[in-house]
Amino acid sequence: MRSDVIILLAFVLLPLSRLYSQKMGHFNSQRVMMMMPEIKKIETELKTYQADIENELRNLMKDLEDKTKKYQSESETKTKFVNESRAKELQDLQQKIIEYRQQATSDLKRKETELLQPLIKKINDAIQKVSKDKNIKYIFDTSKGSLVVAPPGDDITGHLTKSLGIKKK
C-alpha cells in the first residue's frame, strides 16, 4: 500500500515539477522598439505624412472660411436661388471636410501599421531566437500589461536588444 502511494505521488508530482521548472521571461516591446535605430526614420515619415494631411485640411478649412465670408457679404445682393445654391455648396464643403478628417485618421493609422510591420517582425524573430537560445518557454510583454510582477533577473530585454544588434544608449 505504501509503495502504491509513493508511485502515485511520483506520477502526480513529476509533471508538477516540470511545470514549475519551465523557464519564463519578460520584456517591454515599446522600450525595445524605441531603442531600435529604424524608429527614427519611421517617426519622421509619419510626421511628414501627418503634416501633409494637416496642410490639406488647413487648405479645405481656409476655402470654407473664405467662401463663407464672401457669400455672407454678398448675400444681400444675390438672388434667393444663388444664396441657396451657395448655402448648399458650403454644406457640401463642410461634409467634405468631415469625410476628409475621417479618411485621414484611417490613412494615418494604416500608414503607421505599414511602416511598423517590418520592425514588429524583426522583434518577433528576435524573441523566437532568444527563446530558443535561452530555452525560455514563456515570454511576457510587460508593455501590454499582461504581467504585474516580474523578477528583474527574468527580463530578456537586454538579450533582445543584443540579438537585434542595438547598442545601449
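**Surface and salt bridges of a predicted model**

Me: What does the accessible surface of the protein chain come to?
Reply: The accessible surface is about 12700 Å², computed by the Shrake-Rupley method with a 1.4 Å probe, with only the protein chains shown counting as cover for residues. Carbon and sulfur atoms hold 57% of this surface. The model is predicted, so local features need pLDDT of at least 70 and side-chain atom pairs count only at pLDDT 80 or more, while totals for chains, interfaces and linings use all residues. Residues are numbered from 1 along each chain as its sequence is written, and side-chain values use heavy atoms, leaving out hydrogens and water.

Me: How many helices and strands are there?
Reply: The protein chain has 5 helices and 2 strands, taken as DSSP runs numbered from the N terminus (helices: H or I, at least four residues; strands: E, at least two). From the N terminus on, their order is α-β-α-α-α-β-α.

Me: And what share of the residues is buried?
Reply: Of the 169 residues in the chain, 22% are buried; this means under 20% relative accessible area, whereas exposed means over 50% and partly exposed lies in between (1.4 Å probe, protein chains only).

Me: Is aspartate 141 buried or exposed?
Reply: Aspartate 141 counts as buried because its relative accessibility is 13%. This residue lies in strand E2, which covers residues 138-141.

Me: Which side chain does aspartate 141 make a polar contact with?
Reply: The partner is the side chain of serine 29, at 2.6 Å. A polar contact is a pair of N or O atoms within 3.5 Å; within protein, one must be able to donate a hydrogen and the other to accept it, and residues adjacent in sequence count only if both atoms are side-chain atoms.

Me: Changing topic: how many salt bridges does the structure hold?
Reply: The structure holds 15 salt bridges, each a side-chain nitrogen of Lys or Arg within 4 Å of a carboxyl oxygen of Asp or Glu. Among them is the pair lysine 41 and glutamate 45, with the closest N and O atoms 4.0 Å apart.

Me: Where do lysine 41 and glutamate 45 sit?
Reply: Both are in helix H3 (residues 38-74); because they are 4 residues apart, about one helical turn separates them. Lysine 41 is exposed at 59% relative accessibility, and glutamate 45 is partly exposed at 30%.

Me: Which residue does lysine 69 bridge to?
Reply: Lysine 69 pairs with glutamate 65, the closest N and O atoms being 3.2 Å apart. These two residues are also 4 residues apart in helix H3.
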